[in-house]
Protein chains: 2
Amino acid sequence: MTDTQDDRALMDAVVQLSFEVMAVLHQVGAAHDLSATQLRLLGVLRDREPRMADLADGLGLDRSTVSGLIDRAAARGLVERFPDEHDRRSSRVRMTAAGHELAVPVAAAVAERVAALVEPLSRADRATLRALVERALAAW
Amino acid sequence: MTDTQDDRALMDAVVQLSFEVMAVLHQVGAAHDLSATQLRLLGVLRDREPRMADLADGLGLDRSTVSGLIDRAAARGLVERFPDEHDRRSSRVRMTAAGHELAVPVAAAVAERVAALVEPLSRADRATLRALVERALAAW
DNA sequence: AGAAGTAGTTGGTGATACCAATCAAAGTAG
DNA sequence: CTACTTTGATTGGTATCACCAACTACTTCT
């Protein structure tokens, strides 16, 4: 059983943290002319070459939204579509070399800014935080 | 000094958590015909009656963005503008009774969903998580 | 009083995201 | 093997969000 006041305080803290993190993503993205969604896209494509439908499912977005997203990213040369071997209806998506080249410094910048966000915590506390968050996420 | 791999892992965890939380906000908001930004707006106005400029600063948004935001929220009867006593240029904003009535169940729904997100953690771990996040946020 | 700065809105643009409709390809009956 | 249904992806249409530049109204500074 969870206590209602504790729920509230935890919610406030976690929601506020999330807004801070999203603000960081916006800022870092803007510095490279990328939206937060495109940032996320590059993150997902870092080690995957999914079909459009998988991408939409993974991002929790409508397929038509992902179509436009990939259109714009492809127009910039960051990603490319290629046909699926087993299903001729499907397009799959992968990052281009240019996409990877952009993703590396962007990820570094985000890591740096997030590190700054948790900098007031001691090294041990940061390790604890990371472990707790990872454990919560592991179970959905 | 922070270690680069630890930075990466912490970044991944925190960013992923943030996207999960934003997804929750989107879903809860959608269930009440509110965007994540409007949700945030209601949160900010819960105990404040700021001027437009303060609101824009607090949300980290352009003033013109906030104008439109308040226009739409006011059209729905959730908030209202009222003149500032000391400066006739300023509009201040407050929630209406209808706004408060909507904010209560929405906050409860968000708290419930966030609680579900951290439900795999023990009660003690949740308290630790909350303390760590609050401490990180307290120092910006 | 006049100049400079601040508060807020308006108009214009682009990105995000949805839904409904459409087309092509695959899968499932009968 | 043909007909029905499902699935993958795109297109067109709409609303919101967010920015910038320009503008009006009011304050403050000199």
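The legends below describe close-up views of a predicted model. Residues are numbered from 1 along each chain as its sequence is written, and chains are lettered from A and ligands numbered from 1 in the order in which they are written.

**View 1. Chain A has 6 helices and 2 strands.** Helices (H or I, at least four residues) and strands (E, at least two) are DSSP runs, numbered from the N terminus. Along the sequence of chain A the order is α-α-α-α-β-β-α-α. The C-alpha trace of chain A spans about 50 × 35 × 20 Å along its principal axes. Of the 140 residues in chain A, 32% are buried; a residue is buried if 20 or more other C-beta atoms lie within 10 Å of its own, exposed if 12 or fewer, and partly exposed in between, with C-beta atoms placed from the backbone. Among contacts in chain A with a separation of 6 or more, 44% join residues 24 or more positions apart. Two residues are in contact if their C-beta atoms, placed from the backbone, lie within 7 Å.

**View 2. Helix H1 of chain A covers residues 4-31.** The 28 residues of H1(A), at 1.5 Å a residue, should span 40 Å, and the end C-alpha atoms are 40 Å apart, which agrees. The expected span is 1.5 Å times one less than the number of residues in the helix. After H1(A) comes Asp33(A), with a positive phi near 60 degrees.

**View 3. Chain A and chain B each give 38 residues to their contact.** On the side of chain A that touches chain B, the elements giving two or more residues are H1, helix H5 (97-117) and helix H6 (123-138) of chain A. H1(A) gives the most, with 15 residues. By class, this side of chain A has 25 nonpolar, 5 polar and 8 charged residues. Ala, Val, Leu, Ile, Met, Phe, Trp, Tyr, Cys and Pro count as nonpolar, Asp, Glu, Lys and Arg as charged, and the others, Gly among them, as polar.

**View 4. A rotation of 179 degrees with 0.0 Å of shift along its axis places chain A on chain B, with RMSD 0.1 Å.** The two copies are thus related as by a two-fold rotation axis. The superposition is by least squares on the C-alpha atoms of residues with pLDDT of at least 70 in both copies. Ser18(A) is the residue of chain A that comes closest to the rotation axis, at 2.2 Å (C-alpha). Of the interface residues of chain A, 100% are also interface residues in chain B, so the copies meet through the same surface.

**View 5. His32(B) lies in the loop between helix H1 (4-31) and helix H2 (36-45) of chain B.** With 14 other C-beta atoms within 10 Å, His32(B) is partly exposed. Not counting residues up to four places away in sequence, His32(B) touches Leu102(B) and Val106(B). The C-alpha atoms of His32(B) and Leu102(B) are 8.3 Å apart, although the two residues are 70 residues apart in sequence.

**View 6. The surface near DNA strand C has 23 residues.** A residue is near the strand if its C-beta atom, placed from the backbone, lies within 6 Å of it. The closest are Ser35(A), Asp62(A), Ser64(A), Ala53(B) and Ser64(B). H4(A) gives the most to this surface, with 5 residues. The surface is made up of 4 nonpolar, 10 polar and 9 charged residues.

How values were computed:
Predicted model: local features only at pLDDT ≥ 70, side-chain atom pairs only at ≥ 80, totals over all residues.
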